[in-house]
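Me: I have a model open and want to walk through it. Let's take it piece by piece.

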Amino acid sequence: MNRNSNTYTIIYSIVLVAVVGVALSVVYQALRPKQLENIANDTKKQILMSARLSPEKGESVSALFDHHIVSSYLVDASGNRVDNTENPFDINIAIEFKKPVDERLLPVFECSTDNGLKYIVPVYGAGLWGPIWGYIAFDNNGNTIYGAYFSHEGETPGLGAEIEKPTFQNQFEGKDIFASNGEFTSIAVVKTGKEPQGKAWVHAVSGGTITSQGVQKMLYDSLEPYTAFFSNLADGESVVLKEGGNDEIPEGFTGEEDTSEGLQLQPQEL
């Protein structure tokens, strides 16, 4: 065949594209398990950090997660455990928050710490440039925040992106989401000098007004569906499984025996 002909050029291009496409597909499939593992470990690290836990240098995130997360389950807006075979770790929070409140599956992670058992729930919302998300750990009174972790997809460095820094996150420790009369008030995120009376607040990120407002809205919208569950904790009541269900924690999420590599709030996976 004449190598200078158009036919040769077209055939050569088709073969080259096919070979490169197959090679890329093989590489992708080979690397995909490791990518999924890294995503899962990053989510596990975020959950742990909300409870003030982080791996030491060289320590496995997965092992630390398995040690401290002693139980997990799904609840509904009535505070009852949902009879569902889905692993709470695999729930796509972005999708759940688009549903009506009474249809949402709400994950709860019980975390054992040196300061007692903590209850961790996810939060999800919108910042200035894209999704923001995080996890909030509560004391067993279902009211007081033990720790908080926030992250984002594309907030402005030095401004809105500061929500992922300890300086902002540590403000939430010890804050109550219910007023003294039992009303759910969440946490206000306000500028200095604009502190409200009668509800808990933290100072907004300097120069990140819209992102800070997004955090405030995210907290209210994400935590409000859990109020019945939190009230049960405050009353010392255990989570009730809906009739017809079973009392088993979803397979693959049983504390120290957990080997789950599920996915959570990573924007690239939404």
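Me: Which residues does T211 touch, not counting residues up to four places away in sequence?
Reply: Contact here means heavy atoms within 4.5 Å. Leaving out residues up to four places away in sequence, T211 touches L128, I132, E155, G160 and I163.

Me: What are the ground rules for this model?
Reply: This is a predicted model, in which local features need pLDDT of at least 70, side-chain atom pairs count only at pLDDT 80 or more, and totals for chains, interfaces and linings use all residues. Residues are numbered from 1 along each chain as its sequence is written, and side-chain values use heavy atoms, with hydrogens and water left out.

Me: Is T211 buried or exposed?
Reply: T211 sits in helix 5. Helices (H or I, at least four residues) and strands (E, at least two) are DSSP runs, numbered from the N terminus. Buried means under 20% relative accessible area, exposed over 50%, and partly exposed in between (1.4 Å probe, protein chains only). T211 has a relative accessible area of 3%, so the term is buried.

Me: What pattern does the protein follow along the sequence?
Reply: The secondary structure comes to 6 helices and 7 strands. Read along the sequence, the pattern is α-α-β-α-β-β-β-β-α-β-β-α-α.

Me: Which residues touch the most other members of the largest nonpolar core?
Reply: A nonpolar core is a set of buried Ala, Val, Leu, Ile, Met, Phe, Trp, Tyr and Cys residues joined through side-chain atoms within 4.5 Å. The largest one has 32 residues. Those touching the most other members are F150, F172 and V215.

Me: Which element gives the largest share of this core?
Reply: Strands 1 (69-75), 2 (106-113), 3 (116-126), 4 (131-138) and 5 (145-152) each supply at least two residues of the core, as do helix 5 (209-223) and helix 6 (227-234). The largest share is 4 residues, and it comes from helix 5.

Me: What does F172 touch, not counting residues up to four places away in sequence?
Reply: F172 is one of the residues that touch the most other members of the largest core. With residues up to four places away in sequence not counted, its contacts are I145, A148, F150, I187, V202, V215 and L219.

Me: How do helix 1 and helix 2 pack?
Reply: Two packed helices are described by the angle between their axes and the distance between the axes. Axes are lines fitted to C-alpha atoms, for helices over the stretch in contact, and angles run from 0 to 180 degrees between N-to-C directions. Helix 1 (residues 6-50) and helix 2 (residues 61-68) pack with axes 9 Å apart, at an angle of about 45 degrees. Angles under 35 degrees count as roughly parallel, over 145 as roughly antiparallel, 65 to 115 as roughly perpendicular and the rest as oblique, which makes helix 1 oblique to helix 2.

Me: Which residues make this contact?
Reply: Helix 1 brings N41, K44, K45, I47 and L48. From helix 2 come V61, S62, L64, F65 and H68.

Me: How many residues of helix 2 are buried?
Reply: The buried residues are V61, S62, L64, F65, D66 and H68. Their cover includes helix 1, strand 1 and strand 2. Helix 2 is largely enclosed by the rest of the structure, because its buried count is 6 of the 8 residues.

Me: What do the buried residues of helix 6 pack against?
Reply: In helix 6, T227, F229, F230, N232 and L233 are buried. They pack against strand 1, strand 2, strand 3, strand 4 and helix 5.

Me: Is K118 buried or exposed?
Reply: K118 lies in strand 3. Its contacts, not counting residues up to four places away in sequence, are F109, E110, C111, T113, F138, D139 and Y146. Relative accessibility is 5%, so K118 counts as buried.

Me: What phi does R52 have?
Reply: Most residues other than glycine have a negative phi. R52 is in the loop between helix 1 and helix 2. R52 is not a glycine, yet its phi is positive, at about 60 degrees.

Me: Where is S186 found?
Reply: S186 is buried, with a relative accessible area of 2%. Its phi is positive and near 60 degrees, in a residue other than glycine. S186 is found in the loop between helix 4 (166-169) and strand 6 (188-190).
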